[in-house]
Amino acid sequence: FNEKVKLGKKLIVVGGGNVAVDVARSARRLGVKDIRMICLESKDEMPAHCWEVEETLEEEIKIINSLGPKMIIEKNGKVSGFEFMAVKSVFDEIGRFKPTFYEKKITKFDCDTVIIAIGQAADLSFLNKTEIKLNERGQLKLNRNNFLTTEEGVFACGEVASGPGIAVEAIAVGKKAAISIDKYLRGEDISCLKFERPNSISELPEKTTELVKKYSRQKMPKIPIKERLKTFSELEIGFDKKIAVREALRCMSCGSGAEVDSNRCIACL
């Protein structure tokens, strides 16, 4: 904290996720005007939220898709450029992350600063002398019902076991793992432990949804772009009362004002 980061005039951010977006937009607020965010994924495959991508483009940050890093070019001990290869595909035939490249299709960019924001991985090398095994993706093998690893008495959860996810999922799985550990320490049998999954809400039939009035989502007001780039403050202003009520009415009245007469109606909308 409070440490000034020195950035050059031409920045390349490698990555296509929300962290890469945050890095690029932060650099823009620190005064860098020439920023390229370069990622493996096509526009439709990018892991960053679509609204984050939209706001990044609004702030005049270039997003270049379907290129993979090959080599950082150095001159006089400093970064002077970056070479990228064209991407054939990001995922294999069964959807696993497995990028392939056209190694002779090279694109070069001049730059004086490079920031790598391509995710993170756990260093699990300390497990080599244990009975804890990893799967083919380098994640911990474990029983998905009770979170027990391949070594008796050792439990795991989170991204080292399941891969990248969102915070609320990690919290939910952590709670389940804690319950499993508690039962184990009490001497209870957890071999058949299973956690009930809540029932998912089924989609309404098309003939029903056709009867529901459609209202457009209200746009969230934001501070002007020129002001946005001078500050790290929240850019969304929030709804006023009128807009908030209008937005709430979109989803709080699915029956479009229909009333149920229990003597005659079976609630089919």
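Trainee: What radius of gyration does the protein chain have, and what would a compact globule of 269 residues have?

Mentor: The protein chain has 25 Å, whereas a compact globule of 269 residues would be near 18 Å. The radius is taken over C-alpha atoms, and the globule rule is 2.2 Å times the number of residues to the power 0.38. Before you read on: this is a predicted model, where local features need pLDDT of at least 70, side-chain atom pairs count only at pLDDT 80 or more, and totals for chains, interfaces and linings use all residues. Residues are numbered from 1 along each chain as its sequence is written, and side-chain values use heavy atoms, with hydrogens and water left out.

Trainee: What does the C-alpha trace span along its principal axes?

Mentor: About 85 × 60 × 45 Å.

Trainee: And how many helices and strands?

Mentor: Seven helices and seven strands. They are DSSP runs numbered from the N terminus: helices are H or I with at least four residues, strands are E with at least two. Along the sequence the pattern reads β-α-β-α-β-β-β-β-β-α-α-α-α-α.

Trainee: How much of the chain counts as buried?

Mentor: 28% of the 269 residues. Buried means under 20% relative accessible area, exposed over 50%, and partly exposed in between, with a 1.4 Å probe and protein chains only.

Trainee: Which residues have the most contacts inside the largest nonpolar core?

Mentor: Leu11, Val13, Ala24, Ile35, Met37 and Met46, in a core of 16 residues. A nonpolar core here is a set of buried Ala, Val, Leu, Ile, Met, Phe, Trp, Tyr and Cys residues joined through side-chain atoms within 4.5 Å. The elements giving two or more residues to this core are β1 (10-14), α1 (18-29) and β2 (34-38). Of these, α1 supplies the largest share, four residues.

Trainee: Where's the other core?

Mentor: Another core, of nine residues, lies apart from that one; Leu127, Leu142, Phe147 and Ala177 are among its members. Nonpolar side chains tend to be buried together in soluble globular proteins.

Trainee: Back to β1. Is Ile12 buried or exposed?

Mentor: Ile12, which sits in strand β1, is buried at a relative accessible area of 1%. Leaving out residues up to four places away in sequence, Ile12 touches Arg36, Ile38, Phe82, Phe84, Phe109, Cys111, Thr113, Val114 and Ile115. Contact means heavy atoms within 4.5 Å.

Trainee: Thr113 is on that list. Which strand is Thr113 in?

Mentor: Strand β7. Thr113 is buried too, with a relative accessible area of 12%. Beyond four places in sequence, the residues Thr113 touches include Leu11, Ile12 and Val79.

Trainee: New topic, α2. Which of its residues are buried?

Mentor: In helix α2 (residues 50-58), Glu52, Val53, Glu55 and Thr56 are buried. They are on the same side of α2 because they cover an arc of only 165° around the axis. That arc is the one formed by the directions from the helix axis to the C-beta atoms.

Trainee: What do those buried residues pack against?

Mentor: They pack against α1, β3 (62-64) and α6.

Trainee: Who's in α6?

Mentor: Arg228 is one of its residues, in a helix that runs over residues 225-228. Arg228 is buried, at 3% relative accessible area. The side chains of Arg228 and Glu59 are joined by a polar contact of 3.3 Å. A polar contact is a pair of N or O atoms within 3.5 Å; within protein, one must be able to donate a hydrogen and the other to accept it, and residues adjacent in sequence count only if both atoms are side-chain atoms. Among the residues that Arg228 touches are Arg25, Arg29, Glu55 and Leu235.

Trainee: What about phi for Phe147?

Mentor: Also positive, near 65°. Phe147 lies in the loop between β7 (113-116) and α3 (159-162). At 8% relative accessibility Phe147 counts as buried, whereas Glu60 counts as exposed.
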